[in-house]
Amino acid sequence: MKRDLKLNTEYPEPDEQEITEKLIVLLKGIIEQRYFNGLTYRDVHVKGHAAVRAEFIVEQSLPPEFRVGVFKEPRTYPAWIRFSNSNQDPAMDIKGDIRGFALKLMGVEGEKLLDTQKEATTQDFIFLSTNLFLTRDARDFYELVKCGALNRDKTASDYLGVIRYFVTHPKVGVGLLHALRKFPHLLEMPWFSATPYLFGERAVKYGLQPWLKTRTELPQKPTNNFLRERLKEHLAREGAGFDFMVQFQNDPYREPLEDALVPWKEENTPFLKVASINIPRQSIDTPEQMKFCENLSFNPWRCLPEHRPLGSANRARKAVYLAISEFRRTRNGAPTTEPAPGDSL
């Protein structure tokens, strides 16, 4: 039966918590098997290109209805950005992949939604190089992991399971074919939240538009880490930046909250600028900074209530990201503290 959908309204499934708990168990098992000895890395977004210092500058002239949460006052937040590949292994940068842009604002006062870090003074925003999430919802993602898609050493049974999954979930396969792309420069590409969030009392998706024009081409003889090398070379010479934008939900059918495989088309809901991300000239590849990049933790629920994540995929992220982050940090003996303005590396 088709639901009578309403704007800015979520529709959780009754077994969502059970699915999330099963997903956490599966992911922990995969990580334990993959990193039996030595350091334990992330389940995905393993390859971090760099942690980059930035400034998040809220627009001066926002209309009153836009002044919510971190956008309430025209101010500047110090920030960190972690650029990454999403693959579960640190593959060569020329391989088609979904890229990640994780943004952490510092100096954000107010109680956060992440249960174990309510007093944190940071807020996270997570972006991908695609405007679609990997799957429709938490259940589809659990089934994707369960079929063996993330297993490093796949058995014949795993391959059969993966084939069966994509046959029964064709939209996931089509989405991945479009999303697994090669990119020449991390500072010249747009980024998307792919999943929805609250913006006060309305639902939005986020987007980033680069200040630099797309002019760089893929290298003819790419090195394994050319994306980091180009990032390093550019920021050693000059800065860069992005417009931070929001897309409002205007129609609950054209812009659903529970189906993360439906793109919100710009002709129906255009992006509106609410802030800028300024990335100053800097050095990014000292050993201390690369270690800091590895230890940074991001969770979209580390946020003010006005920016609460929405939809099935995001609701699962809350527990999954926290559990995997704590699991990884405990195994590595890594600190659990959040960065603060002025911290030295």
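Modeller: K232 comes out as partly exposed, with a relative accessibility of 38%. The model is predicted, and that applies to each value below. The side chain of K232 meets that of D285 in a salt bridge, with 3.0 Å from N to O. K232 belongs to helix α5 (residues 226-237), while D285 sits in the loop between β9 (272-279) and α6 (287-295), so this pair ties together parts that are 53 residues apart in sequence. D285 is partly exposed as well, at a relative accessible area of 29%; the value falls between the 20% and 50% limits, so neither "buried" nor "exposed" applies to D285.

The next pair is E258 and R315, a salt bridge whose closest N and O atoms are 2.9 Å apart. E258 is in the loop between β8 (240-248) and β9, and R315 is in helix α7, so the bridge ties together parts that are 57 residues apart in sequence. E258 has a relative accessible area of 13% and is therefore buried, the cut-off being under 20%. R315 also counts as buried, at 18% relative accessibility.

E258 and R315 belong to a network of salt bridges that also links E10, E16 and R308. R308 leads on to L198: leaving aside neighbours within four places in sequence, the residues in contact with L198 include R308, along with P305, E306, H307 and L310, as well as V204 and Y206. L198 itself lies in strand β6 (residues 197-199) and is buried, with a relative accessible area of 11%.

The corresponding search for disulfides gives 0. A disulfide is a covalent bond between the sulfur atoms of two cysteines. As for individual cysteines, C147 is buried at a relative accessible area of 12%, and C293 is buried at 2%.

Terms used
Residues are numbered from 1 along each chain as its sequence is written. This is a predicted model: local features need pLDDT of at least 70, side-chain atom pairs count only at pLDDT 80 or more; totals for chains, interfaces and linings use all residues. Side-chain values use heavy atoms; hydrogens and water are left out. Helices (H or I, at least four residues) and strands (E, at least two) are DSSP runs, numbered from the N terminus. Buried means under 20% relative accessible area, exposed over 50%, partly exposed in between (1.4 Å probe, protein chains only). Contact means heavy atoms within 4.5 Å. A disulfide is a pair of cysteine sulfur atoms within 2.5 Å. A salt bridge is a side-chain nitrogen of Lys or Arg within 4 Å of a carboxyl oxygen of Asp or Glu.
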